Amino acid sequence: YTPVSRRGDKPDAIAWILKNYPTMTDAQIVKLIGTTKSTIQAVREKTHWNNANIKPRDPVLLGLCTQTHLDAAVAALNLPKAEDEAAAG
């Protein structure tokens, strides 16, 4: 559950993730922040109703997820590459 006062921070967190980890899937972002795919799509395409006020901000600092969860999601992004290199080597 996210308090009403923090729900407005979700687009900022989505923008931060898209900027820093562009390969993260929508499903991973949904699970990490607790948002909807349509909101992610609107932020990605810059069609969000509040687009003029969206500023990329760290979701951990906003209190939308923990550093542990963010680190785990980022580590999951790197796993397939490591497996591919191991198979090739």
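Predicted model: local features only at pLDDT ≥ 70, side-chain atom pairs only at ≥ 80, totals over all residues.

Modeller: Residues are numbered from 1 along each chain as its sequence is written, and side-chain values use heavy atoms, with hydrogens and water left out.

Biologist: How many helices and strands does the protein chain have?

Modeller: Helices (H or I, at least four residues) and strands (E, at least two) are DSSP runs, numbered from the N terminus. From that terminus on, the elements run α-α-α-α-α-α. The count is six helices and zero strands.

Biologist: What percentage of the residues of the protein chain count as buried?

Modeller: Buried means under 20% relative accessible area, exposed over 50%, and partly exposed in between (1.4 Å probe, protein chains only). Of the 89 residues, the share that counts as buried is 35%.

Biologist: What part of the accessible surface belongs to carbon and sulfur atoms?

Modeller: Accessible areas come from the Shrake-Rupley method with a 1.4 Å probe, and for residues only the protein chains shown count as cover. The accessible surface of the chain comes to about 5,800 Å². Carbon and sulfur atoms hold 55%.

Biologist: Which residues of α2 are buried?

Modeller: Helix α2 is largely enclosed by the rest of the structure, because nine of its eleven residues are buried. They are K10, P11, D12, A13, I14, A15, W16, I17 and L18.

Biologist: Which residues of helix α4 are buried, and why do they line one face of the helix?

Modeller: Helix α4 spans residues 37-44, and its buried residues are I40, A42 and V43. Seen down the axis of α4, these residues line one face because they fall within an arc (that of the directions from the helix axis to the C-beta atoms) of 165°. On the other side, K37 and S38 are exposed. The cover over the buried residues of α4 includes α2 (10-20) and α3 (26-33).

Biologist: At what angle do α2 and α4 pack, and how far apart are their axes?

Modeller: Axes are lines fitted to C-alpha atoms, for helices over the stretch in contact, and angles run from 0 to 180 degrees between N-to-C directions. The crossing of α2 and α4 is right-handed; a crossing is left-handed if the near helix is turned anticlockwise from the far one by less than a right angle, and right-handed if clockwise. The angle is about 65°, and the axes are 10 Å apart.

Biologist: How do the residues of the contact of α2 with α4 divide?

Modeller: Contact means heavy atoms within 4.5 Å. In this contact, P11, I14, A15 and L18 of α2 meet T39, I40, V43 and R44 of α4. With Ala, Val, Leu, Ile, Met, Phe, Trp, Tyr, Cys and Pro taken as nonpolar, Asp, Glu, Lys and Arg as charged, and the others, Gly among them, as polar, the division is six nonpolar, one polar and one charged.

Biologist: Which residues does P11 touch, not counting residues up to four places away in sequence?

Modeller: P11 is found in helix α2 and counts as buried at 9% relative accessibility. Its C-alpha atom is separated by 8.2 Å from that of K55, 44 residues apart along the chain. Those that P11 touches are V43, H48 and I54.

Biologist: Is D9 buried or exposed?

Modeller: D9 is found in the loop between α1 (4-7) and α2. Leaving out residues up to four places away in sequence, D9 touches R57, L62 and L64. With a relative accessible area of 18%, D9 is buried.

Biologist: With which residues is T35 in contact, leaving aside its neighbours within four places in sequence?

Modeller: T35 lies in the loop between α3 and α4. T35 is buried, with a relative accessible area of 12%. Its contacts are K10, I14, I29, V30 and I40.

Biologist: Is K46 buried or exposed?

Modeller: K46 follows α4 and is found in the loop between α4 and α5 (59-62). Its phi is near 60°, a positive value in a residue other than glycine. With a relative accessible area of 61%, K46 is exposed.
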